[in-house]
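Take a moment to look over the structure below. Then read on and follow the walk through it step by step.

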Amino acid sequence: MVVSKAWTLRQHFQGFPKASDFHLREETLPQPKNGQVLLEAVFLSVDPYMRPYSQTMMKEGDVMIGSQVAKVIQSYNPSFPVGCHVVSDCGWRSHWVCDGAELTPLLPDWPQDIPLSLALGAIGMPGLTALYGLEEVCEIKKGETLLVNAAAGAVGSVVGQIAKIKGCRVVGCAGTDTKVSYLKELGFDQVFNYKTVTSLEESLREAAPHGYDCYFENVGGKFSSVVMPQMREYGRIAVCGSISMYNDTTSQTGPYVHTYMIFKQLRMEGFLCARWKHKHQQSLRRLMAWMTEGKLRCNEHITSGFNNMPAAFMGMLQGDNIGKAVVKFCRSDSGPCFLSHVSSSCYPILDSAHYHSLGFPSGPAYPVPTPLAPTSASSVLQ
């Protein structure tokens, strides 16, 4: 028998999530039967979609939803031998027993120098979301101008790079100067910090005086209202997310987009990447090819320790991450330590004051890490 840890939703979020909204419980798993496997988490994902989905798809007491890269540690299913790695949607769990029906094996020729955690990022759901939003929804063409907000996030950073691969001009915006610098490193043509500009409207106009052919929407709310007048005729808008609205306790209202939609003949479409599930394997191979060719670069913001799932989730919602936010599972999980794996630079994860601000104590049970200078692309900050 294996005792698994699982993070549950103690109570539905009211506004921004709090530490007290989560509960860590233990559950004894049954011995796997014929056709079943026992999984152990390796990397777990925290994503913006978990915030709105928790309101509509979860009951209080449910295990938090989410994906993970897991290792098969016991198997009675020949399709999933011991030692292989899979992507599982079993949520915020350290271990799980399943029949394999919903498991997705990693690409069989996964390069040894590519971190497995990227199966939750650029070579996973966020990468697929970026690709399908551009190709299937925006139908983006060489020479067009693209705007992407939340551009330093897991999806936005890949969106901009794919658009550059396709010969487009890319304008991105983010919420810190560090993120702006990172996006410039990735080759974005114009980038600005939307929190520090005098006028969002003027900044967008200066970045693309002739307007935008395509808009990859991750933020929603007032930002979207400012963009609409600057869309070009026959522009296409891929609505991926609306993170600025997820924690609202009162629904936002207007301005409304109908007039611009009509007279500019715009097409605005929401989407989920599962619509193109039949293309996933082919698409993942394309993303991996761009990665190995050096055309796609990724930053990961990795927090080490299963006990830190809520802190990582809340940090991601308030924009702490550059690139994909991931939690690394440690068998000796006794308190928070932090790890950062990046493609070019290391960025700080959480300091003591920040950890307090998320509602978690420091002290013997929650030691505050002392950062060490990175010595390689995979550097532990303990």
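Is E139 buried, exposed or partly exposed? At 42% relative accessibility, E139 counts as partly exposed.

Residues are numbered from 1 along each chain as its sequence is written, and side-chain values use heavy atoms, with hydrogens and water left out.

How confident is the prediction? The term pLDDT stands for the predictor's confidence in each residue, from 0 to 100. The chain has a mean pLDDT of 88, and 87% of its residues reach 70 or more. Over residues 334–357, however, the pLDDT is below 50. That stretch still has 86 contacts in the model beyond near neighbours in sequence; a contact means heavy atoms within 4.5 Å. Residues 361–382 also stay under 50. For them the model has 42 contacts beyond four places in sequence. Where pLDDT is low, the predicted coordinates should not be read in detail.

Now the overall build. The chain has 10 helices and 17 strands. Both are DSSP runs, numbered from the N terminus: helices are H or I with at least four residues, strands are E with at least two. Of the 382 residues, 53% count as buried. Look at contacts between residues at least 6 apart in sequence: 70% of them join residues at least 24 apart. The accessible surface of the chain comes to about 17100 Å², and 53% of it belongs to carbon and sulfur atoms. Such areas come from the Shrake-Rupley method with a 1.4 Å probe; for residues, only the protein chains shown count as cover.

Next, the salt bridges. In a salt bridge, a side-chain nitrogen of Lys or Arg lies within 4 Å of a carboxyl oxygen of Asp or Glu. The whole structure holds 19 of them. Return to E139, which forms one with R267, the closest N and O atoms being 3.5 Å apart. This pair links distant parts of the chain. R267 is in strand 13 (residues 267–270), and E139 is in the loop between helix 2 and strand 8 (145–148), 128 residues apart. R267, at 31% relative accessibility, is partly exposed.

E144 lies in the loop between helix 2 and strand 8, and R236 in strand 12 (residues 231–239), so the pair ties together parts that are 92 residues apart in sequence. E144 is buried at 11% relative accessibility, and R236 is buried at 8%. Salt bridges that share partners also join E139, R267, E269 and R275 into one network.

A further salt bridge joins R285 and D109 (3.3 Å, N to O). R285 is in helix 8 (residues 280–292), while D109 is in the loop between strand 7 (104–105) and helix 2 (125–138), 176 residues away. R285 counts as partly exposed, at 39% relative accessibility.

Stay with helix 8. It has 13 residues and reaches 18 Å from its first C-alpha to its last, close to the 18 Å expected at 1.5 Å a residue. That expected span is 1.5 Å times one less than the number of residues. Within helix 8, H280, S283, L284, L287, M288, W290 and M291 are buried. Why do the buried residues of helix 8 line one face? Seen down the axis, they fall within an arc of 160 degrees, so they line one face of the helix. The arc is that of the directions from the helix axis to the C-beta atoms. An α-helix has 3.6 residues a turn, so residues three or four places apart point the same way. The cover over the buried residues of helix 8 includes helix 2 and helix 3 (156–165). After helix 8 comes G294, whose phi is positive, near 85 degrees.

How values were computed. Predicted model: local features only at pLDDT ≥ 70, side-chain atom pairs only at ≥ 80, totals over all residues. Buried < 20%, exposed > 50% of the residue type's maximum accessible area, 1.4 Å probe, protein only.
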